[in-house]
Amino acid sequence: MGRTRRRWTVVVRGFVAVALVSLAGLIAWTLLRVLAGTASGQDPRFGWPLQLRDRVNVLLIGVDVTINNRKQVVPNLARADTLILMSFDPHGRRAVFLSIPRDTRAEIPGHGTWKINASYAFGGVPLTVRTVEHLLGVRIPYVVKLGPQSFARLIDAVGGVWVDVEQDMYYHDWWGDLTIDLKKGRQLLSGHQAMGYARFRKDALGDIGRTHRQQKVIRALFARLREPQTLLRAPEILEVLRTHTQTNLTPQKILTLAWFLRSLPGDRVEMATLPGRFAPLFWDPDWQKVRALVCDWFYGIPADVVARTRVEVLNASGVPGMAREVADRLARFGFPVVRVENAPTLRHETAILSHRADRRVTRAVRAMLGVGSLAHRRTDRGDVDLTVLVGRDYAHRSLLAHRSTVP
C-alpha cells in the first residue's frame, strides 16, 4: 500500500512539474509573440517590463451592422452600438469605465446635434473619437474598435463568463440578425449568449438597462481574467485581439493595461453610466454631475477645487479665436474664466502659469488642452489664480483636428 502511494506521489509530482514547465514556456512564448509584434515608437506612459507610468485613456467602440431581408450587410449603416471611455490611472491605483448611452444627445463636429452613435456613420473612428472628446473634454489617444462578433469571440477565448441573468429574455432582431433567448438565473454564458445579454433593450430602462448589462459582462470578464487557469488561454486571447479588433495600441501596451487591471482589487475598478435623464429621442446629460464625474475620474481633481480656481486666458498664438476656444473648454469643466484677451507677445509653446492654483489643477489643465509647459509663480494677482497663454502649438493642433472632421 505504501509503495503504491509513493508511486502515485511521484506521478502527481511529475505531472505538476510538467504542467508548471509547460505554463512557464507558454507564458514566455506569449510574451515573445507580444514583443515581436510591438510597433516602433515610444509612449512615456508605458514602461518596461509591463509598467504603466501615467494615466492612459482608451475609447472602446463597439460597432453594429444592419442586415437586409436577404441576410446581406447593408453598407454605410453601421453605428457605434457601444461606447465606453476607459481610464487607467497608476497613481491613483484605479481604473474607471464610463458607458456612454448610444442615444446621448451630442454635438457631432461638422454635423450638428444628434445621437452620439451616429458619429461613426458620419465619419468612422476619427469622428467618433472627436465627438466623445468634445462631449467630455477628455483627450483620447487610444482606441479599440470591436465588430459585431469581436466581443463574442473574446468571451469564448476566456471560456465564457458567469452572469446572473436578472429575467427571462427573448428577442429577435431582424435588422441586426440577432436572436436572444436566455432564462433567469446565474449561468455560464458563451460569447454569443453574452453578446445577446449585453445588447438586450426590451425592458423599462431601454438603452440605460443595456449599458448596465454591458458593465455586468465586463466585470464578469475581469473576474475570468483574474483566474490562474486563464493564463493557459493567453495565446488564444491574443490571437482574437489581433484578428478581431482594430486598435492603435501595440500588443505590448495591451498586455501592460491587462496586467495593470489584473493587479487591481475589485473595488478599484469603477463603472458608471453617463449621468443624465430621458428625453424624447435622446439621453440628455446632466452636466453638473457629468462635470464632477469627469474631473474626478479622468483628471483626479475635485469639482469644488476647480470651481474655486479663477482663470484668465490670453491668446499668444496669433490665430483669432484660440483664447475663446480654450476659455469655453475650461468653462465647461466649471472653471470661472475672468478674462479672455490677446497676449502682448506671441509664443510657440502654450504656457500654464499658476499664481496660487493647486498643482493638481495645473496638471489637469495641461491634460485638458493636450499641450503646455507648467510654471508656478507666487504673484500678487488678486483676481486670477491661473493664467493660460495659448501658443501656436495649441492652435496648430486645434486646426488639424477641425480639418479632420469637417465634411
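## Basis

Residues are numbered from 1 along each chain as its sequence is written, and side-chain values use heavy atoms, without hydrogens or water. Because the model is predicted, local features need pLDDT of at least 70 and side-chain atom pairs count only at pLDDT 80 or more, while totals for chains, interfaces and linings use all residues.

## Helix α7

Helices (H or I, at least four residues) and strands (E, at least two) are DSSP runs, numbered from the N terminus.

Buried residues (under 20% relative accessible area; exposed is over 50%, partly exposed in between; 1.4 Å probe, protein chains only) in α7 include Leu255, Leu257, Phe260 and Leu261.

## Aromatic pairs

The whole structure has six aromatic pairs. Rings of Phe, Tyr and Trp (its six-membered ring) pair if their centres lie within 6.5 Å; planes under 30 degrees apart are stacked, over 60 edge-to-face and the rest tilted. Tryptophan 114 and phenylalanine 282 pair edge-to-face, at 5.4 Å and 90 degrees. Tryptophan 114 is partly exposed at 34%, whereas phenylalanine 282 is buried at 10%.

## Charges over rings

The charged end of arginine 105 sits over the ring of phenylalanine 282, 4.1 Å from its centre. Arginine 332 lies over tryptophan 287 at 5.1 Å. The criterion is NZ of Lys or CZ of Arg within 6 Å of the ring centre and within 35 degrees of the ring normal.
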